[in-house]
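Colleague: Could you take me through this structure step by step? I would like to begin with a single residue and then move on to other topics.

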Amino acid sequence: ITGLGTGPYCCGSGKPVFVTTLPDEVGMVNVTRGAENGFPTLLISWNAVPSGGGALITYTVWYSTSSGTATEPPSEASTMSGITGTSTTLGKLTQGTMYYIWVAADSLGGQGPYSTRVSMTTFEESDASAPTNVLASPLSGKVGIRVSWTAPNLLTGLPITGYSIQYKIRGSGMSYVTVTVGAGTTQRDITSLQSSTEYRIRVATIVS
């Protein structure tokens, strides 16, 4: 622009230049522990970033046993790229190991900022083999207890053949009473107990 007016635009005949801005930062990265084929896994999920104008957005996940910084992975971090959804699973990880994770969105404009670092320690055999979410509640209409649990993810890959439920009166010197159930069962009613009495209950996995 001069005192004589506006000169011609660049690129001939006023042809515009196109550019795609960088995507937003990925938010709400979540990590869930699991196991598959005898190895620990980590399920990584996150919120989608806006794809302004319908631009294609993919994601890259970095993971490492080195902590890097809160907003950038270390140079030796492993990567999974070209992810079109908002989740992926990291497999064949090391038992009982802390992993640090970052996620970033990619578009035609390039890579967006790294997400804030999250971390999770993978299962060890000792905690992966035990049933989880063990619950116990009084039975309605009779003196007894209903025990339920969630099947574990075994790192050994061995098949579950059943569960052992043990119970005894809390604080007593009595031995545990043991009841076993099959592999397809995650609930058992225990009856013929003493009324108004507190019981201690534990559940273990039986493998072949």
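**A conversation about the model**

Modeller: Glu-125 is partly exposed, with 23% as its relative accessible area. Please keep in mind that this is a predicted model.

Colleague: Which helix is Glu-125 found in?

Modeller: Glu-125 belongs to helix α1, which covers residues 125-128.

Colleague: How far apart are Glu-125 and Leu-155 in space?

Modeller: Their C-alpha atoms are 5.9 Å apart, although the two residues are 30 residues apart in sequence.

Colleague: Now the whole chain. How many strands are there in the protein chain?

Modeller: The protein chain has 14 strands, together with one helix.

Colleague: And what percentage of the residues count as buried?

Modeller: Of the 208 residues of the protein chain, 33% count as buried. The accessible surface comes to about 12300 Å², and carbon and sulfur atoms account for 50% of that surface.

Colleague: What about contacts between residues at least 6 apart in sequence: what share join residues at least 24 apart?

Modeller: Among those contacts in the protein chain, the share is 64%.

Colleague: Let us turn to the sheet. In what order do the three strands of the open sheet come?

Modeller: The order is β1-β2-β5, and the pairing is antiparallel. The edge strands are β1 (30-36) and β5 (87-90), each of which pairs on one side only. On average, neighbouring strands of this sheet are turned by 25° against each other, direction ignored.

Colleague: How many bridges join β1 to β2?

Modeller: Seven bridges join these antiparallel strands. Within this sheet, Arg-33 stands opposite Leu-42 in β2.

Colleague: And how many join β2 to β5?

Modeller: Here there are four bridges, and β2 and β5 also run antiparallel. Ser-45 stands opposite Ser-87 in β5. As a general point, strands of a sheet pair through backbone hydrogen bonds.

Colleague: Which residues of β5 are on its covered face?

Modeller: Thr-88 and Leu-90 are on the covered face, whereas Ser-87 and Thr-89 are on the uncovered one. In a regular strand, side chains alternate between the two faces of the sheet.

Colleague: Does Thr-88 count as buried or exposed?

Modeller: Thr-88 has a relative accessibility of 12%, so it counts as buried, the cut-off being under 20%. Apart from neighbours within four places in sequence, Thr-88 is in contact with several residues, including Leu-42, Ile-44, Trp-46 and Val-61.

Colleague: Which residues touch the most other members of the largest nonpolar core?

Modeller: They are Val-26, Leu-42, Ile-44, Trp-46, Tyr-59, Ile-101 and Val-103, out of the 19 residues in that core. The strands β2 (39-45), β3 (58-64) and β6 (98-107) each supply at least two residues of this core. β6 gives the most, with four residues.

Colleague: Which residues does the second, separate core include?

Modeller: That core has 13 residues, among them Trp-149, Ile-169, Ile-190 and Leu-193.

Colleague: A change of topic: where does Ser-115 lie?

Modeller: Ser-115 is in the loop between β7 (110-111) and β8 (118-121). Ser-115 is buried, and its relative accessible area is 1%.

Colleague: What is Ser-115 in contact with, leaving aside its neighbours within four places in sequence?

Modeller: Its contacts are Glu-25, Val-26, Val-29, Ala-70, Thr-71, Trp-102 and Val-103.

Colleague: Finally, how many salt bridges does the count come to?

Modeller: The count comes to two salt bridges. In general, side chains of opposite charge can pair when their charged atoms come close.

Colleague: Which residue forms a salt bridge with Asp-189?

Modeller: The partner is Arg-146, and the closest N and O atoms are 2.7 Å apart. Asp-189 lies in strand β13 (residues 187-191) and Arg-146 in strand β10 (residues 144-150), so the pair ties together parts that are 43 residues apart in sequence. Asp-189 counts as partly exposed at 30% relative accessibility, and Arg-146 counts as partly exposed at 35%.

Colleague: And which residue forms a salt bridge with Arg-170?

Modeller: Arg-170 pairs with Glu-198, the closest N and O atoms being 3.1 Å apart. Arg-170 is in the loop between β11 (160-169) and β12 (177-182), while Glu-198 is in the loop between β13 and β14 (199-207), 28 residues apart. Arg-170 is exposed, with a relative accessible area of 56%.

Notes. Residues are numbered from 1 along each chain as its sequence is written. This is a predicted model: local features need pLDDT of at least 70, side-chain atom pairs count only at pLDDT 80 or more; totals for chains, interfaces and linings use all residues. Side-chain values use heavy atoms; hydrogens and water are left out. A nonpolar core is a set of buried Ala, Val, Leu, Ile, Met, Phe, Trp, Tyr and Cys residues joined through side-chain atoms within 4.5 Å. Buried means under 20% relative accessible area, exposed over 50%, partly exposed in between (1.4 Å probe, protein chains only). Two strands pair if DSSP finds at least two bridges between them. Axes are lines fitted to C-alpha atoms, for helices over the stretch in contact, and angles run from 0 to 180 degrees between N-to-C directions. Contact means heavy atoms within 4.5 Å. Accessible areas come from the Shrake-Rupley method with a 1.4 Å probe; for residues, only the protein chains shown count as cover. A salt bridge is a side-chain nitrogen of Lys or Arg within 4 Å of a carboxyl oxygen of Asp or Glu.
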